[in-house]
Amino acid sequence: MDQQASLLDKLFATGLLVETGVQGLYGRSGVFEDVIARFDALVSRLGAFQKAEVLRFPPAMPRAWFERSGYLKSFPNLAGTVHAFCGNDQDHAALLECVAAGDDWTGGQKATDIVLTPAACYPLYPVIARRGALPEGGVTFDLQSYCFRREPSSEPTRQQLFRMREYVRSGTPEQVQAFREEWMDLGQKLIAMVGLPFTVDVANDPFFGRAGRMMKMTQREQALKFELLVPVNSEENPTACLSFNYHQDHFGKTWGIETADGAVAHTACVGFGLERVALALFRHHGLDVTEWPAPVREALWGTE
Ligand code: ATP
Ligand code: ZN
């Protein structure tokens with residue numbers, strides 16, 4: 001615990017992260033952002049051979065897509081919805097009175113048609129489906145988004161708004177499984193290039209509640225999720241910095257994505273937790289980037 005608190009405190013003290021008073025909601029310094037941008041660029045260099053189609057969404061998605069995605073079945077506790085004031089002058093006056101009196105003013109806020117993106121790939125699947133059957137070779141996308149998860153924590157590695165870089169593959173089961181295998185390998189190369197210790201292990205998503213227990217077990221039994229873990233907060237509980245997910249036909253069925261042969265498409269994604277990787281780098285190489293080991297600096301900044 002002490003070590004956790006002290007890493008976050010050190011990050012605040014050096015200004016790498018900026019405290020807001022809300023757990024998991026932090027500002028980032030220019031240096032912190034530069035590390036993220038450099039790592040992101042390194043991912044792009046490593047993944048360039050895929051000729052993935054780049055798409056960027058704002059950190060929110062249509063509520064209708066969110067509802068259909070099934071997220072609420074599995075992770076109702078993590079979701080964040082956007083609410084807004086929809087009243088008239090009278091409602092406005094009442095709102096201001098509430099705020100002035102320190103009372104709860106949020107009761108009048110109404111759900112909008114927007115929710116916060118929980119994982120970078122969520123807005124992608126309906127877009128793939130809308131384009132019609134996949135080409136013979138399947139498709140590969142390059143995504144990056146701020147993601148929201150309602151999981152306040154004192155660990156700097158568990159934030160409520162953080163960035164996820166992803167590659168997503170959709171196609172036949174063979175195409176998609178080959179992609180995941182390849183990235184499990186490349187992901188380890190990538191993390192070794194930046195000088196971090198790691199392990200790879202089978203994992204599960206934090207499915208909610210009693211029904212979720214079964215889903216966690218099934219996911220592990222079928223080895224649908226692997227994580228690349230780096231010790232950041234402690235050696236005993238290393239942090240998942242990359243994840244390699246095989247969704248089978250889950251999103252293909254949900255959204256009606258078809259392969260060139262008319263079969264239900266399979267999907268897989270590799271996710272890079274950009275803040276987590278940056279934090280792991282600061283934890284292992286020190287808070288002063290100019291002092292980082294030469295090979296790490298070279299991997300990130302080149303020989304400038
Ligand atoms: P965890 O098991 O630690 O909650 P997860 O399995 O839910 O993570 P994924 O859904 O696989 O994570 O998300 C992809 C990547 O996004 C993770 O490997 C991680 O690096 C990053 N990530 C997930 N949740 C957070 C968070 N709360 N703060 C920062 N990064 C996160
Ligand atoms: Zn994904």
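About 30 Å³ of space lies in the largest cavity of this predicted model, and a search of the whole structure finds one cavity of 30 Å³ or more. On a 1 Å grid over the protein atoms alone, a cavity is a set of points where a 1.4 Å probe fits but cannot get out, whereas a pocket is an open set with protein on both sides within 12 Å along at least five of seven lines. Grid points are joined across faces, edges and corners, and volume is the space filled by probe spheres set on them. Lining residues have an atom within 4 Å of a point.

**Conventions**
- Residues are numbered from 1 along each chain as its sequence is written, and chains are lettered from A and ligands numbered from 1 in the order in which they are written.
- The model is predicted, with local features needing pLDDT of at least 70, side-chain atom pairs counting only at pLDDT 80 or more, and totals for chains, interfaces and linings using all residues; side-chain values use heavy atoms, leaving out hydrogens and water.

**Largest cavity**
- The lining consists of L55, R56, F57, A120, P123, L143, Q144 and S145.
- Strand β7 (residues 139–148) gives the most to this lining, with three residues; strands (E, at least two residues) and helices (H or I, at least four) are DSSP runs, numbered from the N terminus.
- By class, the lining has five nonpolar, two polar and one charged residues, where Ala, Val, Leu, Ile, Met, Phe, Trp, Tyr, Cys and Pro count as nonpolar, Asp, Glu, Lys and Arg as charged, and the others, Gly among them, as polar.

**Second largest pocket**
- Its volume is about 170 Å³.
- Of the 13 lining residues, F85, D91, L95, W105 and G108 are the closest to the centre.
- α5 (89–101) and β6 (109–116) each supply at least two lining residues, and α5 has the largest share, four residues.
- The lining divides into six nonpolar, four polar and three charged residues.

**Domains**
- The chain is divided into domain 1 (3–80 + 118–301) and domain 2 (83–117), with bounds from an automatic or database domain assignment.
- Their contact (heavy atoms within 4.5 Å) takes 16 residues from domain 1 and seven residues from domain 2.
- The domain centres, taken over C-alpha atoms, are separated by 33 Å.
- The two domains bury about 880 Å² between them, 59% of it on carbon and sulfur atoms; buried area is the accessible area (1.4 Å probe) that two parts lose on being put together, summed over both.

**Salt bridges**
- The structure holds 13 salt bridges, each a side-chain nitrogen of Lys or Arg within 4 Å of a carboxyl oxygen of Asp or Glu.
- R28 forms one with E275, the closest N and O atoms being 3.0 Å apart.
- This pair links distant parts of the chain, 247 residues apart: R28 in strand β2 (residues 27–28) and E275 in helix α10 (residues 274–285).
- Between domain 1 and domain 2 the count is zero.
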